[in-house]
Amino acid sequence: MTIASPEQRLTVLWERPKGIHGWFATVDHKDLGVRYLVTAFVFLVIGGIEALLMRVQLARADQSFLSPETYDQIFSMHGITMIFWYAAPILSGFAVYLVPLMIGARDMAFPRLNAFTYWAYLLSGMLLYIAPLMGQSPHAGWFSYMPYTDIHYSPSHGMDFYALALIFLTISTTGGAANFIVTILRLRAPGMAISRMPLFMYSTLTVSFVTLFALPALTVACVFLELDRRWGTHFFEIAGRGNPILWQQLFWFFGHPWVYIVFLPATGMLSLIVPVFSRRPVVGYPYIAFSTILTGVVGFSVWLHHMFTVGMSDLAMSFFSAGSMTISIFTTVQVFAWVATLWLGRPVATASMHFALGSIALLVIGGLSGVFTGIIPVDWQAHNTYYVVAHIHYVLIGSNVFPVFAAFYYWLPKITGRMMNERLGKWSFWVMFAGFNLGFFPMHIVGLLGMPRRIYTFGEQQGLEQLNGLMTLGGLILGVGILISIINWAVSLRTGPLAGRNPWNSDGLEWETDSPPKPYATVHIPTVVSRHPLWDDHDEEADPDNDRLLDEARLTLTTTMLDAAPFSVVTMPGDTLLPLFAAVTTFLLLLALVFQMIWLGMAAFVATFLLGCAWLWPRPLKGDL
Amino acid sequence: MSSTLYVPSHEGAADRTRWPLEADFGTYGMYTLIATESLLFVCLFASYFFLNSDDRWATDQPPKLTYALIMLFVLLLSSFVLGWGEKQAGAEQYGAARLALWLTVLLGLGFMGLQYFEYGDHWKTLTPMSDSYGSIFYAITTFHAAHVVMGLLMLGYVGILPSYGPTRVPPYRPYHVAALYWHFVDVVWIAVVGLLYILPNLQGHVRA
């Protein structure tokens with residue numbers, strides 16, 4: 001190739017092919033990150049609509065807007081959608097988009113795996129949503145306790161879709177975790193030692209390891225469930241000398257670490273956003289980093305607190321109660337670090353900062369109610385009431401949805417290249433914040449009054465009507481607040497002022513790139529000499545000998561794990577349709593298993609394997625090395 | 001600490017060969033796969049002991065050891081053969097490496113054959129449908145067998161890879177990556193034999 005300027009050469013090398021083929025074949029982490037974000041946001045909207053349907057049913061006593069069966073299906077789909085297909089994937093979306101930019105790499109370590117995990121995520125969601133289209137949704141809540149899910153009590157295909165869609169999602173999430181681990185450990189820019197990584201890298205790295213260790217329990221549980229339901233085994237069936245509690249053990253061994261998987265990356269984003277809008281470096285960087293890691297580790301010793309009412313030895317209960325309270329210390333460390341950053345800085349009240357601070361407030365409330373439920377006698381009282389619903393929503397909306405909105409207001413100018421309306425953003429925040437508290441705070445009260453969760457209606461004489469009406473109103477207001485932000489983004493996409501490289505005067509490497517970034521990110525792989533590359537005097541792209549231009553092929557630079565000293569140059573794969581095809585055949589494999597079509601399943605497995613072989617087959621490089 | 005940190009400099013700057021063209025990501029990727037797969041088996045074993053915790057199983061007859069021990073020997077032997085092959089591949093003795101690889105595949109197929117007879121023997125008294133002991137026994141061994149199949153497919157794939165392809169990367173890496181997986185499958189079988197076969201036979205009964 002003889003193209004004059006390095007920029008042109010890099011563009012030719014890294015740009016995806018034109019047209020529909022390129023759209024499906026792209027392995028660019030920026031394309032895939034945006035798709036993750038959009039898909040996860042669509043699932044948020046779907047899950048939100050399901051929530052509003054439930055709130056309409058519960059707005060007044062003795063309503064019959066939804067039948068009990070429909071209500072069961074809708075609350076189950078709401079939980080499953082939000083927990084599995086929204087909360088973690090939206091954070092993966094930010095990570096897929098931002099991690100390579102933040103560490104100065106040209107792409108993820110396994111770009112084709114990255115494409116596969118996105119398509120697998122999308123198709124697993126579609127597999128799940130075939131169920132409601134057939135009128136046979138899962139109906140046993142997001143944690144689907146046995147024996148509700150036994151074939152005798154749940155003869156429809158709903159639970160089969162649940163089990164197999166989750167196995168599919170597990171494949172996707174595990175692949176993503178492996179990709180993040182290798183990317184963050186080996187692709188950091190020269191000089192970005194482990195002590196200089198942005199804190200978001202610590203949280204992404206931690207949850208990726210947690211994913212590797214926690215998700216197999218869910219896979220095993222879902223495999224057992226499917227075998228019990230359709231293939232005659234007896235893992236959970238008392239009559240077959242099985243044990244239904246085994247499901248709970250496996251599910252929560254996965255389930256509680258999962259809570260931190262949907263929580264830690266969001267705190268990592270707050271640890272980047274709060275300092276930028278406090279106009280100073282974060283206070284207590286090492287403390288935040290260590291408490292992030294410790295949250296991930298100790299997160300494995302709390303799962304039994306979901307099962308205090310099951311019956312177990314005092315020793316086991318004490319241990320897990322202590323574990324549950326210990327873990328709040330690490331979150332507290334982070335909260336105090338943010339507060340100290342604010343205290344010592346000169347805060348700027350942007351829309352993003354509004355969401356970040358609101359998130360901290362909600363997180364503290366949700367965290368406190370979590371400490372209460374970690375105390376065994378309180379837990380026995382509050383178990384399966386709306387108190388738990390209030391807790392989970394304060395924690396998940398406070399530590400996931402609000403940080404995600406903060407992140408959208410902070411990073412969308414980088415992604416779209418256009419600024420958003422700050423005033424509308426603040427309006428959106430206040431409406432959401434008011435609606436959320438109006439909708440969810442009364443749940444603490446009705447819970448303590450004894451209103452059980454997952455109940456499709458309540459009686460007029462129970463005295464719950466007013467508070468429930470308030471909750472429905474709050475839910476609708478929350479929805480309006482979200483709608484304001486959606487409108488804001490849509491308008492800014494067309495008419496927002498151009499953002500430029502670094503609209504917030506931030507410190508991270510991602511702000512060194514154009515907005516939106518070029519396919520190759522930066523012309524020269526940057527070098528880093530401090531924790532705040534854009535706030536120090538060092539010129540990250542200075543490269544007089546064009547050592548780090550790497551424009552001979554799709555190349556990027558690997559570095560050593562701890563010190564980030566340059567190690568080698570690696571070739572990156574070109575754009576290909578194979579990951580999409582492999583995801584489609586995996587989809588067919590699992591769809592076949594839902595209906596026990598053995599031969600279709602076998603054929604799909606063989607096809608997936610052959611696609612994998614073609615995927616890994618050595619092929620010539622793009623470019624002329 | 002800070003003295004060991006890399007400080008970028010332009011002194012003595014370089015030609016294109018300053019950094020070698022080399023990717024060891026595959027090895028790292030395989031480590032993550034092995035980490036997550038290990039936990040898969042940990043969960044399976046934990047389920048085994050959980051189901052066994054309160055005397056609920058119908059049978060108390062420990063599974064026969066003979067086949068399991070022969071299978072253990074076959075798999076261990078295959079791992080040693082493959083380990084020798086890795087050494088050859090590292091020393092660029094590709095012929096010997098390829099031979100060791102196909103020998104490993106043969107031993108793996110032998111393992112699968114033995115498992116077929118072992119199942120046939122067991123099936124007379126125990127099926128996955130008989131009770132939760134049967135379910136978990138067959139689940140663990142079948143999960144392992146599925147991993148053997150995956151390992152064989154991987155090894156077979158490496159076996160047909162061209163010696164040096166257009167990427168100009170020696171085939172040592174894919175060889176090494178597939179071998180790592182095979183050793184893992186081997187180690188899992190040691191755990192399976194120890195916990196599901198040897199332990200009950202030492203106790204004289206299956207129930208805890």
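Predicted model: local features only at pLDDT ≥ 70, side-chain atom pairs only at ≥ 80, totals over all residues.
Chain A as a whole contains 18 helices and two strands. The radius of gyration of chain A is 25 Å, close to the 25 Å given by the globule rule for 625 residues, so chain A is as compact as a globular protein of that length. Along the principal axes, the C-alpha atoms of chain A occupy a box of roughly 80 × 60 × 50 Å. Of the 625 residues in chain A, 57% are buried. Among contacts in chain A with a separation of 6 or more, 80% join residues 24 or more positions apart.

In soluble globular proteins, nonpolar side chains tend to be buried together. The largest nonpolar core holds 245 residues, and the members that touch the most others are Ile103(A), Leu127(A), Ala221(A), Leu250(A), Ile273(A) and Ala406(A). Helix 4 of chain A, residues 68-103, gives the most to this core, with 23 residues. For Leu127(A), when neighbours within four places in sequence are left aside, the contacts are Phe161(A), Leu164(A), Ala165(A), Phe168(A), Phe587(A), Leu590(A) and Leu591(A).

Helix 10 of chain A comprises 14 residues, 285-298. At 1.5 Å a residue this helix should span 20 Å, and its end C-alpha atoms are 20 Å apart, so the two values agree. Buried positions in helix 10 of chain A are Ile288(A), Ala289(A), Ser291(A), Thr292(A), Thr295(A) and Gly296(A). An α-helix has 3.6 residues a turn, so residues three or four places apart point the same way. The cover over the buried residues of helix 10 of chain A includes helix 7 (199-230), helix 8 (245-261), helix 9 (264-278) and helix 11 (314-344) of chain A.

The strands of chain A form a hairpin. Strand 1 (residues 555-559) and strand 2 (residues 566-571) of chain A pair in the antiparallel sense over five bridges. Within this pairing, Leu557(A) has Val569(A) in strand 2 of chain A as its bridge partner. Six residues lie between the strands of the hairpin, where Ala564(A) adopts a positive phi near 55°.

Chain B meets chain A in a contact that takes 43 residues from chain B and 46 residues from chain A. On the side of chain B that touches chain A, helix 1 (25-51) and helix 4 (132-160) of chain B each supply at least two residues. Helix 1 of chain B provides the largest share of that side, 14 residues. By type, the residues on the side of chain B that touches chain A comprise 29 nonpolar, ten polar and four charged.

Helix 4 of chain B also contains Ala139(B). Ala139(B) has 21 other C-beta atoms within 10 Å and is therefore buried, the threshold being 20 or more. Between Ala139(B) and Leu107(B), which are 32 residues apart in sequence, the distance from C-alpha to C-alpha is 23 Å.

Definitions and conventions. Residues numbered from 1 in each chain as written. Chains lettered and ligands numbered in written order. Contact = placed C-beta atoms within 7 Å. Helix = DSSP H or I, 4+ residues; strand = E, 2+ residues; numbered from the N terminus. Nonpolar A, V, L, I, M, F, W, Y, C, P; charged D, E, K, R; others polar. Buried ≥ 20, exposed ≤ 12 C-beta atoms within 10 Å, placed from the backbone. Expected span 1.5 Å × (residues − 1). Rg over C-alpha atoms; globule rule 2.2 N^0.38 Å. Core = buried A, V, L, I, M, F, W, Y, C linked by C-beta atoms within 7 Å. Pairing = 2+ DSSP bridges.
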